[in-house]
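Notebook open, sequence and coordinates loaded.

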Amino acid sequence: MAEWIECKISDIGTVVGGATPSTKKPENYENGIIAWITPKDLSTFTGRYIQRGERNITEVGLKSCSTQLLPKDTVLFSSRAPIGYVAIAANEVCTNQGFKSVVPNENTDPLFLYYLLKYNKDKIEGMGSGTTFKEVSGNTMKNIVVSVPTDKKVQKRISSMLGSIDDKIEENERINNNLEQQISALFINMFGSNIDKLAESKFKLGDLVDSVDNRGKTPPLSDKPTLYPIIDVKALSGNIRIVDYNNCTKYVNEETYNNWFRSGHPKQYDILVSTVGSLAEMKIFLGDVGCIAQNVVGFRSKDISPLYLYQYLNYIKNDLVAYNIGSVQPSIKVTHIIKHPIYVAPQDEINKFDSVARSITEKIFANCQENENLKQLRDTLLPKLMSGELDVSDIDL
C-alpha cells in the first residue's frame, strides 16, 4: 500500500507568478520569440502540453517586467479570469499575471502535478478572493494543502494511467484535425476555381436550404444539466465540424424542449451557424438532442449535399462575417445570409465529394464519440486515483 502525506503545494514545487510587458512599447513584442501565455490562450486549448500562446515577447519585454522564464514541465495554473485552466509547458515559457504556475521539485512528477491541480481545482478556486473577480494569490497557492504519494514511482503510475487516456484523446484530436484538412483540400481542389464565378450562378443560399430559427424570448432554463442542451456560439467554436457539447452550459427541461421552440430542433446533418457575437462559427449537427439558441440559425439542405453546403459556407465565411450590422455587438441577419449567391457544381461532382466527405465526417464523429467516453472514464478515475482510493503501488506500467 502506497504511503500518502498531506503537504502544501510549496512543498512539492515552486509557485511563480507572471506579468505583462507594456503593450505601449512595440519593442516588447515585435519579432519576439519568447513564448508568453495568458489565460485566454488556454480557454480554447484542449491538450496538456502547450508550446506558445497567441503572442510572443522579446528579451527586452521579458526584462521589462516581473514575468519569469519558466522551465519545461512547469505546470501552468490560471489564478484569475477564470481560475483553474491547467497546462504543462512543453518548452520554456513565461506567463502574464493571470497565473500561479508551479515548477515541480525533483521528487514530484510533472504529469502527476498536472492531474493533482486539476483534481484540486474547485478547492483552489474556493480559496480565491476579490470583489470584481476572484483571484488566487501567490501566498494562497503556496499554502493549499494537498495529498500526495511519497514515492515518485507511485506518482508516475497514477499519471501514466490517466495520461494514457489523454494520449488517446489527443491522438483522436490530431486525426480529426488532419481529416478536416483533407476535406478542405479536396473541396478547394474540386470547386475552388469556380466559386468566384458567382455572377454566373442562378442560385442563392435560400434556394437550397430551409431555415430553423428560434429567435424570440429566452426559454426558461433548467437549474441543472439535463438531456436537453442549448447549442449556442460556444458549442460551435473550434476547427472540428461536430457540435462540441462540452461547451454547452445552458439546458432546458423536457417540457420546454417539447413546447417552447417555435421552429423545432436540429436534425441530422443540419448546418448550425452563429449570427451574434463570434460570427459565422458553424458545425454539422449529428447528435440526437439539442436546442438551437437565439444566436444560432440552422440550415437544412434541400436536394443538395449538406456536406457540400457546409464546406461552401466555411469557404465563404469572411463574406458572411461582412454582413455584420451590429454597432455594439456583431450580428448578421439570416435574411442577408440566405440571399448570398452560391455556386452549384454539377451533380456528379457534388456526389463524388459527398461520398468522400461523408465517410470522413463519420470517422470524425466516431472519434468525437470515443473521446467523450474516454473523458468520462478519465474523470471517473481522477478522484479515485488522486485520493488514493485506488491503490496503484503494485501495478506494473
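Predicted model: local features only at pLDDT ≥ 70, side-chain atom pairs only at ≥ 80, totals over all residues.

Which residue is the bridge partner of V209 in β17? I looked it up, and the partner is S301.

**Around β17**

I then checked the strands themselves. β12 (residues 209-213) and β17 (residues 296-301) run antiparallel and are joined by five bridges. β17 also pairs with β14 (residues 270-274), again antiparallel, over four bridges. For that pairing I noted I271, whose bridge partner in β17 is F299.

I looked at β3 (residues 34-37) against β8 and found parallel pairing over two bridges. In that pair, I37 has T95 of β8 as its bridge partner.

**S79**

Last stop was S79, which I found in strand β6 (residues 75-79). Is S79 buried or exposed? I have it down as buried, because its relative accessibility is 0%, against a cut-off of under 20%.

I listed what S79 touches, leaving out residues up to four places away in sequence: Q97, G98, F99, K100, K134, E135 and V136. I also took the C-alpha separation of S79 and F99, which is 4.9 Å, with the two residues 20 apart along the chain. With K100, the S79 side chain makes a side-chain to side-chain polar contact of 3.4 Å.

Notes
Residues numbered from 1 in each chain as written. Heavy atoms only, no water. Buried < 20%, exposed > 50% of the residue type's maximum accessible area, 1.4 Å probe, protein only. Contact = heavy atoms within 4.5 Å. Polar contact = N/O pair within 3.5 Å; in protein donor to acceptor, adjacent residues only side chain to side chain. Pairing = 2+ DSSP bridges.
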